Amino acid sequence: MATSESVRQPLGASVPSSSSSVPITTITSRHSALVRITHWITTLCFLALLVSGIEIVISHPRFYWGETGNVLTTPLFKLPIPSSRNLVPTGYGYVLPDQNGWSRYLHFQAAWIAVLTGLLYVISSLFTGHLRKDLLPGKADLSWRAFLTTTANHLRFKRPSAAEAWSYNLLQRLSYLFVIFFLFPLVIWTGLAMSPAFVSAFPATVTLLGGQQSARTIHFFVSLTLVLFLTVHVIMIFLAGFWTRMRAMITGRAASPPMERT
Amino acid sequence: MSNLSRRKLITTGLAATAGVAGLGVAARLAQKYGLVPPDHGGFYGLGETLTYASQRLLTRHSLAREFSRSQISKPPFANEILPLNDAFKRLQAGAFVDWRLSIDGMVDRPATFSLAQLKSYPSRSQITMVQCEEGWSYVAEWIGVPLSHVLNLVGVHPQARYVAYFSIQPDWWESMDMADALHPQTFLTYGMNGGELPVGNGGPLRMRLPRQLGYKSVKFITHLTVTDSMKGFGRGLGSASPEGGYAWYAGI
């Protein structure tokens with residue numbers, strides 16, 4: 001059975017360990033220009049959404065389930081932070097400055113840019129083959145053994161092989177697919193389900209989630225999951241070599257192109 | 001220059017030209033069909049315009065969700081209000097008998113209405129949600145006269161584009177486009193949950209637009225102006241909200 005390891009071992013072994021012995025090729029790039037540009041626009045948008053989202057939550061750090069919720073109803077849970085509104089009983093005795101105006105403007109502006117960028121990325125990925133070649137796991141890779149091997153390597157904080165600088169491993173592929181096709185759509189859906197005008201045209205988008213406050217609560221947890229993804233993503237970049245991975249995502253160049261691709 | 005890079009250059013150039021031209025045409029069309037909000041300028045203008053334009057296209061005639069009587073929030077919630085001014089207190093002392101709503105601007109017959117007059121028109125009720133931009137919400141029954149009924153009485157000019165509405169409280173005013181002004185759920189509200197509208201909820205007269213967030217439902221309404229442009233009002237951003245940093249359109 002050909003696991004990813006057995007396929008990649010000879011490839012990885014044939015790659016020179018030092019980048020100086022092989023000239024950097026400019027013909028093959030690790031990441032296409034489209035992937036690089038959409039990656040960094042999404043990064044900027046995500047950070048803007050995160051900061052503005054935190055500011056909006058601070059004005060009412062209480063979460064509910066169902067259609068409605070306010071300071072007179074029992075919350076599902078409360079965040080242990082002060083609020084930017086004096087009407088919210090937080091027990092902290094002081095009120096943070098109100099930042100909701102620009103936060104809401106920024107949140108929706110960044111959301112628009114992120115959604116349009118995401119659409120451009122997904123549609124072009126279908127045509128260029130990026131989705132099929134780089135993201136969907138190959139048949140050989142999609143086995144429990146391969147899954148367990150990559151997971152074990154990750155848990156041991158094993159430095160990835162040189163071949164992995166040129167291709168995503170199984171766990172990477174699965175987590176990117178999960179973020180692109182589950183978390184991002186869900187965070188957009190739950191966001192829109194909080195819009196009174198949007199749900200007036202599409203009421204099922206909020207009733208399916210159990211109500212407007214349920215949508216807000218799910219939106220919060222999906223955002224937390226995305227922050228968790230970002231944290232792991234950044235840790236992995238440091239483990240794999242911060243500068244080489246940053247260079248690959250900024251200029252498209254990787255240090256040592258594998259023989260098969262040159 | 002190789003063929004490949006020349007071809008790339010030409011396609012990129014054509015795409016950029018088409019993009020710029022497309023944006024220009026889109027901006028023209030958006031202006032023509034009233035899809036540009038008064039606070040479209042500045043750094044956040046792009047997101048604000050995209051939100052308003054797309055929601056206006058999707059929701060021109062859609063109805064806000066209505067709830068069953070059993071879903072009315074108990075106990076009824078009332079958000080904090082600023083200390084009421086002397087003009088309000090004087091009218092309150094007289095049980096709001098002298099409360100007046102005046103309508104002027106682009107109308108055939110500028111008029112002033114008492115609460116009794118407004119209550120004599122066909123009354124409607126809706127059980128809808130009030131959603132605050134902060135995140136909390138409640139459901140209540142709102143009773144009033146559709147704003148469209150009163151606008152028909154005064155005769156709105158065909159070129160009207162906005163209805164600006166003012167509270168008796170200082171610096172508290174908003175405006176809405178005609179799609180919202182003529183919407184069947186936009187009420188001049190004087191009752192709540194089967195009774196009078198409490199002062200804490202905006203009584204004796206509150207504007208209700210259930211398809212927008214709570215801050216568009218201004219309390220203590222005394223004056224409406226119908227206009228074709230918001231330029232002459234305040235700093236020309238559409239309402240007091242953008243002057244305080246909040247979006248004019250609050251459908252999201």
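**Note on a predicted two-chain model**

In β6(B), B:Glu174 is the bridge partner of B:Tyr165.

1. Strand β5 (residues 162-167) and β6(B) run antiparallel and are joined by 5 bridges. Besides the pair formed by B:Tyr165 and B:Glu174, B:Tyr162 stands opposite B:Asp177 in β6(B). The two strands form a hairpin, with 5 residues between them. Within the turn, B:Asp171 has a positive phi of about 55°.

2. **Burial of β6(B).** This strand covers residues 173-177 of chain B, and 5 of its 5 residues are buried, so the strand is largely enclosed by the rest of the structure. B:Trp173, B:Ser175 and B:Asp177 point one way, while B:Glu174 and B:Met176 point the other way.

3. **The nonpolar cores.** Which residues touch the most other members of the largest nonpolar core? They are B:Val163, B:Tyr165, B:Leu188, B:Leu205 and B:Ile221, in a core of 41 residues. The element that gives the most to this core is β4(B), with 6 residues. Leaving aside neighbours within four places in sequence, B:Tyr165 is in contact with B:Trp173, B:Glu174, B:Ser175, B:Met207, B:Val218, B:Ile221 and B:Leu224. Another core, of 32 residues, lies apart from the largest one; among its members are A:Leu106, A:Ala193, A:Ala215 and B:Ile252. In soluble globular proteins, nonpolar side chains tend to be buried together.

4. **The contact between the chains.** Chain B contributes 37 residues to the contact and chain A contributes 30 residues. On the side of chain B that touches chain A, the elements giving two or more residues are α2 (45-59), β3 (124-131) and β4 (137-146) of chain B. The largest share of that side, 8 residues, comes from α2(B). By class, the side of chain B that touches chain A has 17 nonpolar, 14 polar and 6 charged residues.

5. **B:Ser62.** This residue lies in the loop between α2 and α3 (86-93) of chain B. Is B:Ser62 buried or partly exposed? B:Ser62 has 18 other C-beta atoms within 10 Å and is therefore partly exposed, since a residue is buried if 20 or more lie within that distance. Not counting residues up to four places away in sequence, B:Ser62 touches A:Ser200 and A:Ala201. Between B:Ser62 and B:Leu115 there are 53 residues of sequence separation and a C-alpha to C-alpha distance of 29 Å.

6. **Helix α6 of chain A.** The 23 residues of this helix (residues 170-192) should span 33 Å at 1.5 Å a residue, and the end C-alpha atoms are 32 Å apart, which agrees. The helix also has a kink of about 35°, centred on A:Val179. Its buried residues are A:Leu170, A:Val187, A:Thr190 and A:Gly191.

7. **The two chains overall.** Chain A has 9 helices and 2 strands, following the pattern α-α-β-β-α-α-α-α-α-α-α along the sequence. The secondary structure of chain B comes to 7 helices and 10 strands. Buried residues make up 28% of the 262 residues in chain A and 42% of the 252 residues in chain B. Among contacts in chain A between residues at least 6 apart in sequence, 70% join residues at least 24 apart. In chain B, residues 24 or more positions apart account for 66% of the contacts with a separation of 6 or more. The C-alpha trace of chain B spans about 85 × 40 × 30 Å along its principal axes.

Conventions. Residues are numbered from 1 along each chain as its sequence is written. Chains are lettered from A and ligands numbered from 1 in the order in which they are written. This is a predicted model: local features need pLDDT of at least 70, side-chain atom pairs count only at pLDDT 80 or more; totals for chains, interfaces and linings use all residues. Two residues are in contact if their C-beta atoms, placed from the backbone, lie within 7 Å. Helices (H or I, at least four residues) and strands (E, at least two) are DSSP runs, numbered from the N terminus. Ala, Val, Leu, Ile, Met, Phe, Trp, Tyr, Cys and Pro count as nonpolar, Asp, Glu, Lys and Arg as charged, and the others, Gly among them, as polar. A residue is buried if 20 or more other C-beta atoms lie within 10 Å of its own, exposed if 12 or fewer, and partly exposed in between; C-beta atoms are placed from the backbone. Two strands pair if DSSP finds at least two bridges between them. The expected span of a helix is 1.5 Å times one less than its number of residues. The bend at a residue is the angle between axes fitted to the seven residues ending there and the seven starting there. A nonpolar core is a set of buried Ala, Val, Leu, Ile, Met, Phe, Trp, Tyr and Cys residues joined through C-beta atoms within 7 Å.
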